[in-house]
Amino acid sequence: LTKLATAMAHAKCLLSKETIARIKPTGTTCFECGAENPDWASVSYGCFLCIECAGEHRSLGVHLSFVRSITMDAWTEKQIGAMERGGNDKLATYFRSVGVEGLPVHRKYSGAEAEYYRQTLAGNFAASAPAERRGGGLKRAQAVLESSASRRQPTDESLRALKKRCIEAKAFARS
């Protein structure tokens, strides 16, 4: 059963119209330039991009921004989940709260703030710490991450609190 569940999680499929409608709200624009009806997405950030900005994101490298076509590429359930948890509005709110909004693309996505968001969206904070060192900070951060799947827009205050908890958890994991 475990092998089957793992295989299903890694199985790739083209997105159905229903899935696209679920992950891409009506009126979505390119996160970077505001172009209407973007057909590309950065799975790493859960945001939507036009073809030109998708090219710019691809030039960053897949370690910084993993870009997929909404209509032409096959997607895994994990990638779809990242898009459901993310969204242009959440990323914009976060970038505003940490002061990187408006920076050139390369600087915006190669900094620690972007790394934090990528890891948060992927749910990797708890997984990155050794099991014996997982403490309350990591559990609190994970609880906040799990609650973000509910499509409520986070407030600036909740994003700052989450960032603080995860920084504390990372420091605890290093000690």
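E115 and R118 form a salt bridge in which the closest N and O atoms are 2.1 Å apart. A salt bridge here is a side-chain nitrogen of Lys or Arg within 4 Å of a carboxyl oxygen of Asp or Glu. The model is predicted, so local features need pLDDT of at least 70 and side-chain atom pairs count only at pLDDT 80 or more, while totals for chains, interfaces and linings use all residues. Residues are numbered from 1 along each chain as its sequence is written, and side-chain values use heavy atoms, with hydrogens and water left out.

Helices (H or I, at least four residues) and strands (E, at least two) are DSSP runs, numbered from the N terminus. Helix α7 covers residues 112–122. Buried means under 20% relative accessible area, exposed over 50%, and partly exposed in between, with a 1.4 Å probe and protein chains only.

Which residues are in contact with R118, leaving aside its neighbours within four places in sequence? They are S44, Y45, H63, L64 and Y109. Contact means heavy atoms within 4.5 Å.

## Other salt bridges

A search of the whole structure finds five salt bridges.

| Pair | N to O distance |
|---|---|
| E115 and R118 | 2.1 Å |
| K108 and E32 | 3.0 Å |
| D39 and K24 | 4.0 Å |

The side chains of K108 and E32 meet in one of these salt bridges. Because K108 lies in helix α6 (residues 105–110) and E32 in the loop between α2 and β2, the pair ties together parts that are 76 residues apart in sequence. K108 is buried, with a relative accessible area of 8%, and E32 counts as partly exposed at 22%.

D39 forms a salt bridge with K24. Both residues are in the loop between α2 (17–23) and β2, 15 residues apart. D39 is partly exposed, with a relative accessible area of 35%, while K24 counts as buried at 13%.

The loop between α2 and β2 also holds N37. This residue has a positive phi of about 50° although it is not a glycine. Most residues other than glycine have a negative phi. At 52% relative accessibility, N37 counts as exposed.

## Helix α5 against helix α7

Two packed helices are described by the angle between their axes and the distance between the axes. The axes of helix α5 (residues 88–98) and α7 come within 11 Å and cross at roughly 145°. Axes are lines fitted to C-alpha atoms, for helices over the stretch in contact, and angles run from 0 to 180 degrees between N-to-C directions. The crossing of α5 and α7 is right-handed; a crossing is right-handed if the near helix is turned clockwise from the far one by less than a right angle, and left-handed if anticlockwise.

On the α5 side, the contact is made by K90, L91, Y94, F95 and V98, and on the α7 side by E113, A114, Y116 and Y117. Helix α5 is mostly covered, with nine of its eleven residues buried. The buried residues of α5 include N88, A92, T93 and S97. Just after α5, G99 takes a positive phi of about 80°.

Strands of a sheet pair through backbone hydrogen bonds, either parallel or antiparallel. Here, three strands form an open sheet in the order β3-β2-β4, with antiparallel pairing. The edge strands are β3 (47–49) and β4 (67–69), each of which pairs on one side only. Neighbouring strands of this sheet are turned by 35° against each other on average, direction ignored.

Strand β2 (residues 40–42) and β4 pair over three bridges. Two strands pair if DSSP finds at least two bridges between them. A41 has R68 of β4 as its bridge partner.

## The protein as a whole

The secondary structure comes to ten helices and five strands. Buried residues make up 42% of the 175 residues in the protein. Among contacts with a separation of 6 or more, 63% are between residues 24 or more positions apart. The accessible surface comes to about 9900 Å², of which 56% belongs to carbon and sulfur atoms. Accessible areas come from the Shrake-Rupley method with a 1.4 Å probe; for residues, only the protein chains shown count as cover.
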